[in-house]
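Subject: Structure handover

Hello,

Please find the structure below, with the sequence. My notes on it follow.

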Amino acid sequence: MNAIMASKRKQDYSIKSNKKKNKTNNCETIAELCLVVRDENVRRTVKEAWNQKSQYTHGDLELDRQPFRHCVIKNFICGENFLKNLQRELLTLNFHTKSNDLYKFKQSDDLRKRTEPHISGIRSALFGQFRLWLEEVLGVKLEPTVDISCAKYEYTDVLLCHDDELEGRRVAFILYLVPQWQSSDGGSLDLYTTDRHYQPLSVAKSLVPSWNTLVLFEVSPVSFHQVSEVLSEDKCRLSISGWFHGPSLERPPRHVEPPITRSPHLPRDETVLLEWVNPIYLDISHQEHIQGEFEDTSEIQLKDFLRKEKYSQVSDALKLAQIQWTRKGPANKRCYETACLDTLPQCVSACWELLRSESFFLLLSNFTGLRLHYLCPADYDDDDKGDNENKDEEKKKSNVMNEEATGSSDETADKSKEPSTPHCSGEVRRWSHGSYTLLHDGEATQTEYALDLILPFSCAGWQSECGGFTCYVANEEDEELLTVNPEDNSLALVYRDKETLKFVKHVNQKSNRGCSGRVLYDFSFVYYE
């Protein structure tokens, strides 16, 4: 069996730093910083407030300590003509679509070597005079490293919750060159509070972009932020952003989440399969065909998997108000809702039990060839046993629906030779506008061989451009190995290895077109041999 195999995936979306000194551009147009930055008295007061972690406001400059230290400077560059020309130069650059679990937007070519006069001018102002101002305020020596790019966020573009921490980054900045902008346009810079484990809790402050406004904050273990989804269909959120480099702040050990609870199968016989599963998937010859295809690709989607009447019952019941849904976080890892199992309607609970039943474990074994029940032969059996023994094992496997799924296994079997009992974990999930899951360091260290199952509901007409699909990627690589789009009554099975990770793409505003408040549901299970 070959799992969905992975290579290395690189997660950094920044423009790499260049520590070589740039040659002076004779055509450079000087960018003049605003008076509030050039005022020595203001600088000394800002430094004092920064060190004391207190608030301070003077004219166009505002320093705030909540939810973490950040500074907003309006009218940052003097001269409207300079800004208009800068905007014009930026918009003529080549932009490349950047899209993965964390973000979707367009990024320009690296700005550190651009020779356009106004781009050169803003680069020199930021990493020259303004860098010296920051050194005074922070009391830290910053490197002359140039780390700067331009980004365009348009309709449904987003940058989800993260802390910006990467070795060498000390201060993050963003300069907005946007048209008239309202909070209803989206695209705000959202700042998060954190809990005692330094995990993001909730958005405490939203900074709406405005023309010629610079925002900066210190990169730290609590500097969680996001660019909220752009909701305007005709505005472009244009900005210049990057990092000033210097000694990183000390970071506490990363919080490790408790492991997900795993459970053995429930003792249910083949009756539950006959009641719920499309009869075609209980046919032995069809199971053999499925297994052959699965062993070649390590994934398969079984359409019309449940009986139609059962699928309709569950689809309707998932919308009932009696189900209690809980938002699952933290935002730097996931954002979706899970159902409280005690509140599930009877038919939803029965479907849940189906996917946890012993007979379903056996059915999955027949579909995949994985050893999800002791009756399924181990990989080495074919080499160690004679032809007759192989036929007997195949007969056992083929007859699991008719004989052994009752739970009354052969009393003479040698229990001492049975392998460890397979387990599973699962959720009933609800996805709506703004839902997603992210790749994260903790997940990468806990990967193992496993069989993923997804059974979606209420997704008729769903388009991939809305997000909500499950994507498999190689660890520390951008390469997408497989995408599973939600499809009504289509059971998706994916066998992944230790180097493969998965995420659910952010559900964007397009999901609400034609149906405000559109939601998806699914049963998500992971089975372990």
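In the hairpin of E22 and E23, five residues separate the strands, and Glu-476 has a positive phi near 65°. The model is a predicted one: local features need pLDDT of at least 70, side-chain atom pairs count only at pLDDT 80 or more, and totals for chains, interfaces and linings use all residues. Residues are numbered from 1 along each chain as its sequence is written, and side-chain values use heavy atoms, with hydrogens and water left out. Helices (H or I, at least four residues) and strands (E, at least two) are DSSP runs, numbered from the N terminus.

The sheet

E22 and E23 belong to an open sheet of three strands, in the order E23-E22-E25, with antiparallel pairing. Two strands pair if DSSP finds at least two bridges between them. Strands E23 (480-484) and E25 (500-504) are at the edges with a single partner strand each, so one side of each has no neighbour in the sheet. On average, neighbouring strands are turned by 20° against each other, direction ignored; axes are lines fitted to C-alpha atoms.

E22 (residues 470-474) is joined to E23 by four bridges and to E25 by five. Cys-471 stands opposite Thr-483 in E23 and opposite Phe-503 in E25.

In a regular strand, side chains alternate between the two faces of the sheet. In E22, Thr-470, Tyr-472 and Ala-474 point one way, while Cys-471 and Val-473 point the other way. Five of the five residues of E22 are buried (buried means under 20% relative accessible area, exposed over 50%, partly exposed in between, with a 1.4 Å probe and protein chains only).

Two loop residues

Asn-508 is in the loop between E25 and E26. Asn-508 is buried, at a relative accessible area of 5%.

Ser-248 sits in the loop between strand E15 (237-245) and helix H5 (271-276). At a relative accessible area of 32%, Ser-248 is partly exposed. Leaving aside neighbours within four places in sequence, Ser-248 is in contact with Leu-166, Glu-167, Gly-168 and Arg-169. A polar atom of the Ser-248 side chain lies 3.1 Å from the backbone nitrogen of Gly-168.

Salt bridges

The whole structure holds 28 salt bridges (a side-chain nitrogen of Lys or Arg within 4 Å of a carboxyl oxygen of Asp or Glu). One of them joins Glu-165 and Arg-251, at 1.5 Å from N to O. Glu-165 is in the loop between E9 (158-162) and E10 (169-176), and Arg-251 is in the loop between E15 and H5, 86 residues apart.

Glu-218 and Arg-170 form another, with the closest N and O atoms 3.2 Å apart. Glu-218 is in strand E13 (residues 213-218) and Arg-170 in strand E10, so this pair ties together parts 48 residues apart in sequence. Glu-218 is buried at 6% relative accessibility, and Arg-170 is buried at 8%.

Lys-303 and Glu-487 also meet in a salt bridge, at 2.9 Å from N to O. Lys-303 counts as partly exposed at 43% relative accessibility, as does Glu-487 at 33%. Finally, Glu-40, Arg-43 and Glu-136 are linked in a network of salt bridges.

Regards

Methods. Axes fitted to C-alpha atoms, helices over the stretch in contact; angles between N-to-C directions. Contact = heavy atoms within 4.5 Å. Polar contact = N/O pair within 3.5 Å; in protein donor to acceptor, adjacent residues only side chain to side chain.
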